[in-house]
Amino acid sequence: MTPTITAFERSPDRGRGLGRDMHVRWALEEVGQPYDVRLVSFAEMKEPAHRALHPFGQIPTYEEGDLALFESGAIVFHIAQRHAGLLPDDANARARAITWMFAALSTVEPPILELVTAKFLEGDKSWSGQRRLLVEDRIRNRLGDLSRRLGDADWLDGAFSAGDLVMVGVLRRLNGSGLLDPNLAAYVARGEARPAFKRAFDAQLAVFTAASTGR
Ligand code: GTB
């Protein structure tokens, strides 16, 4: 059965592929599962029909037969469990790859999201400059630990896994910020060089281009 995901009708990131649908598209491309996309406007996301799928009125969602999921991490995990290619067969290696998915979303991403808040929601406050410096320090500390653990390996724990997919997806938000050290910048670039990533990126970019040009 072909799953259907939801994505922004018009992404505020102007085609940079920073919406969470990108994690889901990338996972589906990695495992070779075709998918449909239903585009939703900001208004539609808050309507009851969409909230029945996503209690918080957000994207992405994932529908497959009578299964409906929300939360990009849970969706990627579901895809990785159902298809070969994103989680190792060995039980311990599989548990470690899952651990990296959680680490990406619950340990690495929170300070990055604080920076987004500091920039876009608190930018007009008198204290915002100081707060931004503090948040940037917190990010550097966390990324320093991550970079040391990665060391000179290509991926976090052996072969590329769903853990790397989510981690690279989280770190991409810092592209161009100067906060990724060369080791992590190279790690992100390796993820972005994967053919499945490129297909996913091009698919979301096509949505933005069509919306912008009216085609
Ligand atoms: N924890 C959830 C998940 O991982 O699925 C978070 C989902 C989420 O934040 N969805 C956002 C959304 O629907 C889009 S991806 N927002 C609309 C709303 O809450 O009303 C986050 C996002 C938004 C915008 C940019 N951007 O413009 O660069 C990047 C990422």
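**Close-up views of the cavities and the ligand site**

**View 1. Lining of the second largest cavity.** Two nonpolar, four polar and four charged residues form this lining; Ala, Val, Leu, Ile, Met, Phe, Trp, Tyr, Cys and Pro count as nonpolar, Asp, Glu, Lys and Arg as charged, and the others, Gly among them, as polar. Among them are Arg20, His23, Glu109 and Arg173. The model is predicted: local features need pLDDT of at least 70 and side-chain atom pairs pLDDT 80 or more, while totals for chains, interfaces and linings use all residues. Residues are numbered from 1 along each chain as its sequence is written, and side-chain values use heavy atoms, without hydrogens and water. A cavity is a set of points, on a 1 Å grid over the protein atoms alone, where a 1.4 Å probe fits but cannot get out; lining residues have an atom within 4 Å of a point.

**View 2. The largest cavity.** About 120 Å³ of space lies in the largest cavity. Of its 14 lining residues, Ala7, Phe8, Ser11, Asp21 and Gln204 are the closest to its centre. The lining divides into seven nonpolar, four polar and three charged residues.

**View 3. Contacts of the ligand.** Around the ligand are 15 residues, each with a heavy atom within 4 Å of it. Arg20, Lys46, Ile59, Glu71 and Ser72 are the closest. Polar contacts are pairs of N or O atoms within 3.5 Å. A side-chain N or O atom of Lys46 is 2.6 Å from a ligand oxygen atom, and one of Arg20 is 2.8 Å from a ligand oxygen atom. For Asp13, a backbone N or O atom lies 3.4 Å from an oxygen atom of the ligand.

Definitions and conventions:
Polar contact = N/O pair within 3.5 Å; in protein donor to acceptor, adjacent residues only side chain to side chain. 1 Å grid on protein atoms, 1.4 Å probe; cavity = no way out; pocket = protein on both sides within 12 Å on 5 of 7 lines; lining within 4 Å. Points joined across faces, edges and corners; volume = space filled by probe spheres on them.
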